[in-house]
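Subject: Structure handover

Hello,

Here is the structure I promised to pass on. Please open it first, then read the notes below.

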Amino acid sequence: MVPKDLLRLTNLADAAERPDIVVATGASPAAITKAAIDALGGIKSFVSRGDIVVVKPNMAWDRLPEQAANTNPEVVATVVRLCLEAGAKKVKVFDRSVNDPRRCYVQSGIPKAVSPLGADLFYMDDRKFKEKQIKGNALKSWPLYTEVFEADKVINVPIAKHHGLAKLTMSMKNWMGVMGGSRNQIHQKIDESLADLCLVIKPTLTILDAVRVLVANGPQGGNLADVRKLDTVVAGIDQVAIDSFGATLFGMKGSDLGYVRAADHMGIGRMDLSQVRIRKIKI
Amino acid sequence: MQNFRRITQGLFLVLFLFLFIQTESKGVDELGYPVKVFLDFDPLIFLTTLFSAHSVAKTFLLSIAVILMTVIFGRVFCGWVCPLGTINNMVGALRRKRGRPEQLPWYRLKYYILICLLASSLFGMQLAGVMDPLSLLIRSFSLSLFPTVNYGVRSLFDAIYNLNPPYLVTASELIYSFLKKSILSFQQPFYLQSAFVGGLFLLILGLNFKETRFWCRYLCPLGALLGLLSRSSILRRSVSEGCTSCGACASACQGNADPDKQEGWKDSECLYCWNCDDICPHNAVSFGFSGKKATAGMDLGRRRVINSMLLGAISVPLIRTTPLSKTGYSDPSLIRPPGSLEEGEFLRRCVKCGECMKVCITNGLQPALLEAGIEGIWSPMLVPRIGYCEYRCTLCGQVCPTGAIKRLNLEEKNKMKIGLAMIDKGRCLPWAHATPCIMCEEVCPTPKKAIWFEQARVRDRDGNEVAVAQPRVDTRLCIGCGICETKCPVVGRPAIYVSSVGESRSRSNQLLLS
């Protein structure tokens, strides 16, 4: 973390104007993703030469990109490409899917988009889930995927969509994809559990894909009538603020989401958007 | 010639194993290879399905090639092609040779088995798959041998990984990842009756220690069928005057063809392995084309043939006289794969080859034991606690050789009901325990979810009000895929479960008036 702080000190004047979150809108998912990261200071302020980077999309469902259940492949590919251009030694891409992993990966379109770029896309290895101390309110410890903690940088690339229990699933809930064990039990205390996860998983950067969003029958959808095209990505470091902003895309407020309230209460991030510098760009 | 034959056998075995390993999803809904092609060439399945179902998949026209080949050249399929025969050969080679083997006088047994199977199929019961060598081989590999190999290899590499010896683990992980990409399955398969099916197969292999190709000589109904067809073959064996009756050929014979008996050579038992030609010290044996008939008769015995036919015919009512025939409702846990024909039609076609269970992406298709009656043994059924039916997958219908499972397009598949989920309110967390849960609704794959919530406020023991969403099943939308049961967090007996009621293929197994 020291080099990043140093970098921040040297660019203090610049950093003062830097937004906390960037909301980029435009027809090209690749262009808005790049623009959003650039507005945050560029990929080089997050990824250094030689870094091992984990890029965590949502590839949990056996659905096609236009069905908006998995992260947009172009958004993921742009993040991967920028990391590699910044000199990352390795960019790892994976998710613990809900449907069969082979189908989820292939049907999401993400392998086809990122593998040619040189990303290391693989199926998760059961042996690499290790019990991790969390000491949260709901989760004391849980088997989590070790590669997330071994990486130099972690970039969260979730998709924004409807969810029957959590109301919406965005950045924080995307970390269910690195949980081992019987993770379906956390639904019993979903809000506290998701906030607890963020005590130990601290991404370097989060890019929320809202190019297409599911407004009903989430999180896997399947009916194109439930998909809205927003052509938007939201990027930043504070995933609580991002999820709080994300709620507004669905006509809700951050405070409508239990896990955002819980995380705000625990000091993990900021729910109150009036305290957050938001820059909106159109391309 | 012997080496030429061995190479041919090896190539067919490798092809068989390659296609077997390719019988696995790679994430798309096509396999890319004709994985069931060995079964398409099987004349025994062709004939028995034709008899029992009065119709047969077009692909079985390929088996006419084997029929023609046998009519012209004799049982070359057994000696040169059949992968089970080759495996029997290989195991037999491990046997310590002690002079001339004692040949049992049972070679006729396989003909009686064949007649029995043909007779029962004429009366509408398809039992051939139990003993058809290709079905048996694919079934044994799918349900038992392949899972066993996977388990062993995975355990070995996991043990090295956990011990973590320096350097060695890097090498072992490299080998492991190569094996995972090439021959191992994507995930460890598990099957009910694995040990049973595997044990029967080991027994067949073990019989080779009694006599090489014991199965082919005495038991194989396909061998028997080809034996009957080979009676008119024009590829014949002849023995010149150089023969000294030394008997070398008799001990090398892979069938029970009595090659030392010159005029008494049994063409129907000859596998055309060419061993007698190769081994003859006087070079007196040769194979060539001729129309001349100089062979022993079959001599199956009229009474025994009639008895076998009767046994086959009687087995039909014997096996079918069960309460199932009265109620018309099969075991509610008998959830057939999507696209399965109506149960009677299904059973008349299914040959229990295990292709569908091998290809099933979630491992949910499992072999039945008695859920479908004795005639349904090893036929496929979905066991949702083990794995569910993947909404956008149609692979089982693609690999079924006989059309017992129809090939569906995605649109048809998505509408096909294989059962119906019901909720056990006594176990469900929101219903019985004032605890939120959502799993069944979250994973329900229909575009408009078949599971919906009724918001309720319930009280816990301390009198606190808890808001829970209580799941309900929309009987019109549920297709019975079973993902809710697979993923239900209530471990052990699930709080939501699927049974076969409501399945599209049945007129009577319905819950609602329609």
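One cut-off before the findings: angles of 65 to 115 degrees count as roughly perpendicular. Please also keep in mind that this is a predicted model.

Helix pair in chain B

Start with α9(B) and α11(B), the latter covering residues 194-210. Their axes come within 8 Å and cross at roughly 105°. The two helices are therefore roughly perpendicular to each other. From α9(B), the residues involved are R139(B), S140(B), L143(B), S144(B), L145(B), P147(B) and T148(B). They meet S194(B), V197(B), G198(B) and F201(B) of α11(B). By class, this contact has 5 nonpolar, 5 polar and 1 charged residues.

Domains of chain B

Across the boundary, 25 residues of domain 1 are in contact with 24 residues of domain 2.

Which helices of chain B supply at least two residues each to the domain 1 side? They are α2 (37-40), α3 (43-53), α8 (128-131) and α9 (133-163). α3(B) gives the most, with 4 residues. The domain 1 side divides into 11 nonpolar, 8 polar and 6 charged residues.

Between the chains

Chain A brings 22 residues into contact with 28 residues of chain B. On the chain A side, 12 are polar, 5 nonpolar and 5 charged.

Best wishes

Methods. Residues are numbered from 1 along each chain as its sequence is written. Chains are lettered from A and ligands numbered from 1 in the order in which they are written. This is a predicted model: local features need pLDDT of at least 70, side-chain atom pairs count only at pLDDT 80 or more; totals for chains, interfaces and linings use all residues. Two residues are in contact if their C-beta atoms, placed from the backbone, lie within 7 Å. Ala, Val, Leu, Ile, Met, Phe, Trp, Tyr, Cys and Pro count as nonpolar, Asp, Glu, Lys and Arg as charged, and the others, Gly among them, as polar. Axes are lines fitted to C-alpha atoms, for helices over the stretch in contact, and angles run from 0 to 180 degrees between N-to-C directions. Angles under 35 degrees count as roughly parallel, over 145 as roughly antiparallel, 65 to 115 as roughly perpendicular and the rest as oblique.
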